[in-house]
Amino acid sequence: MTSPPRPPPLVFDLGNAGISIVPLGRMSSKMRYAARVLGLLVLVAGAGTAMGAASVPLPPVVIIPGLCGSQMEARLTEAYDSAPHWYCPRGSKNSDWKLVWFSLKDYVVPSCVDHEMQVRVAEKPDGSLRYSNIEGVEIRPVDFGGVGGIGCLDPQFCGISSYFNPLIKALETRAGYVVNETLFGAPYDFRLAGDGLVQDGFEANLTALIEGAVAKNGNRTVTLIGHSMGGMVATYFLAGKPADWIERHVGGLMTISSPYGGSPLALQGSISGASIGLPIMVHAFLGIQDNSPSGPWLYPSQGLWNASVPMVRTRNKSYPPTAKGFADLLQDLGRREQSIILPRVRNMRGIDFDAEGGPSYPSFPNLRHVCFHGNKRNTPGQLTYPVDNFYEGDSPPSPLVTSYVDGDGIVDIKSLKACENVEGMNTEVIAIEGEEHVQILHSEELARQVLAFLVGDHDRQTH
């Protein structure tokens, strides 16, 4: 059976359009936005026309998903002999890879998956940390380089677990992007913080993916799109790259709902589990969230909050949004791995989450950065647990939210706007009014803004 022909990439033919271009640097922000929209209209009007001599495809795109937004699969080898219950899968010599995140059927027995996805932490002689899986367990993201692992969470129920699918579809149908040619995905092991993603080979793989995309597309630089934690992963990745590498390979960065100043709900994940805007029950996967290094990496930046106002409370004890408050919380709960991880991941590669006055970021090359966020959603600011105290190994009930602030329902507006603290980047903060942390990816306004950004990047690279 012959496959239908792919639509040609959309082009922005300035010569054929007969448009006089004003340099973006001399435009006001409103004029720049209008120019992007006008360019997008020209693109749509010219779809399917023959490419003129001045025509150039839009820049390649690499999507980096957020926390819990990557499908993951596991293989239980014959060395795996620590299944917590008789009904949990056992390892074998010839075991196949199976979907371990995310599958709605695992709600029946989440303790099996919780155990299989545990992270082990060991301190090396130089003081750095080494991360590993439970013995006999191998874990990898699904479809690295493609988008099969980020479109939805559960491939068996894609409709009710849709994630990046709406934006992917918009890029394909309205701008002619083609998966594995001009559109790529970079799913990763979201249990890990930035240092762990170096250890497990993600950064090396992402480097190769970006370099390959640039070479495949006539040396056009890529645009990175990161949602939530994916924006933090992208920023950490770029902080580890030389300026000349960035200039040759990355032309723009779009972050969506990214917690540049952390989130109180990351604390809730360590205490009792949090749904973080995804279709999961709060307590179902506590055994993953209270163990993952990414949790402390995303804790609130102490410089953004009032240290005299508790962020977490029980009947008998309060925990302020400070390094000591977080350390006391993890110690009281007996979260061993995260207690070890906390002081190591808060200041890496010049990114200091707990700097005085708010998070501090290193200076980057002059990179175009648009920081999209939702707002006007009640967002937890203080969590009160209906227990006297926390105890080691405790699994507390869900908290009462005793204080709400403005944000996207998951991340405080202060944290969402902390992207302005990133030095060197040409950062523009754009609110997608009223949108929620995850549902923003389904927003028509976001799709329009993303396409407008890509048109602007096209203009920058061709002039």
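Which residues does Q338 touch, not counting residues up to four places away in sequence?

View 1. Q338 touches S270, Q289, D290, N291, S292, G295, P296, Y299 and L330, with residues up to four places away in sequence not counted. Q338 itself belongs to helix 13, residues 336-345. Its relative accessibility is 0%, so Q338 counts as buried. Two polar partners stand out in this view. The side chain of S270 makes a polar contact of 2.7 Å with the side chain of Q338. From Q289 comes the backbone oxygen, 2.9 Å from a polar atom of the Q338 side chain.

**View 2. The loop around G358.** G358 sits in the loop that runs between strand 13 (351-352) and strand 14 (368-373). With 4% relative accessibility, G358 counts as buried, because the cut-off for that class is under 20%. Its contacts, leaving aside neighbours within four places in sequence, are G303, L304, D352 and N421. L304 is 54 residues away in sequence, yet the C-alpha atoms of G358 and L304 are 4.9 Å apart.

**View 3. The nonpolar cores.** The largest nonpolar core holds 115 residues, and L238 and W297 have the most contacts inside it. Helix 7 (residues 229-239) is the top contributor to this core, giving seven residues. Beyond four places in sequence, L238 is in contact with L224, I246, V250, L253, F364, L367 and M425. Another core lies apart from the largest one; it has five residues, among them L265, V411, I413 and L416. In soluble globular proteins, nonpolar side chains tend to be buried together.

View 4. Strand order is 7-1-8-9-14-17, and the pairing is parallel. Strand 7 (183-185) and strand 17 (426-431) form the edges, each pairing on one side only. Neighbouring strands are turned against each other by 20° on average, direction ignored. Strand 9 (residues 250-256) runs parallel to strand 14, and five bridges join the two. Here I256 stands opposite F372 of strand 14. Helix 7 packs on the sheet and touches strand 1 (61-64), strand 8 (222-227) and strand 9. The directions of helix 7 and strand 8 make an angle of about 135°.

**View 5. Confidence along the chain.** Average pLDDT for the protein chain is 87, and 84% of the residues score at least 70. Over residues 1-55, pLDDT stays under 50. For this stretch the model has 60 contacts beyond four places in sequence. Where pLDDT is low, the predicted coordinates should not be read in detail.

Technical notes: Residues are numbered from 1 along each chain as its sequence is written. This is a predicted model: local features need pLDDT of at least 70, side-chain atom pairs count only at pLDDT 80 or more; totals for chains, interfaces and linings use all residues. Side-chain values use heavy atoms; hydrogens and water are left out. Helices (H or I, at least four residues) and strands (E, at least two) are DSSP runs, numbered from the N terminus. Buried means under 20% relative accessible area, exposed over 50%, partly exposed in between (1.4 Å probe, protein chains only). A polar contact is a pair of N or O atoms within 3.5 Å; within protein, one must be able to donate a hydrogen and the other to accept it, and residues adjacent in sequence count only if both atoms are side-chain atoms. Contact means heavy atoms within 4.5 Å. pLDDT is the predictor's confidence in each residue, from 0 to 100. A nonpolar core is a set of buried Ala, Val, Leu, Ile, Met, Phe, Trp, Tyr and Cys residues joined through side-chain atoms within 4.5 Å. Two strands pair if DSSP finds at least two bridges between them. Axes are lines fitted to C-alpha atoms, for helices over the stretch in contact, and angles run from 0 to 180 degrees between N-to-C directions.
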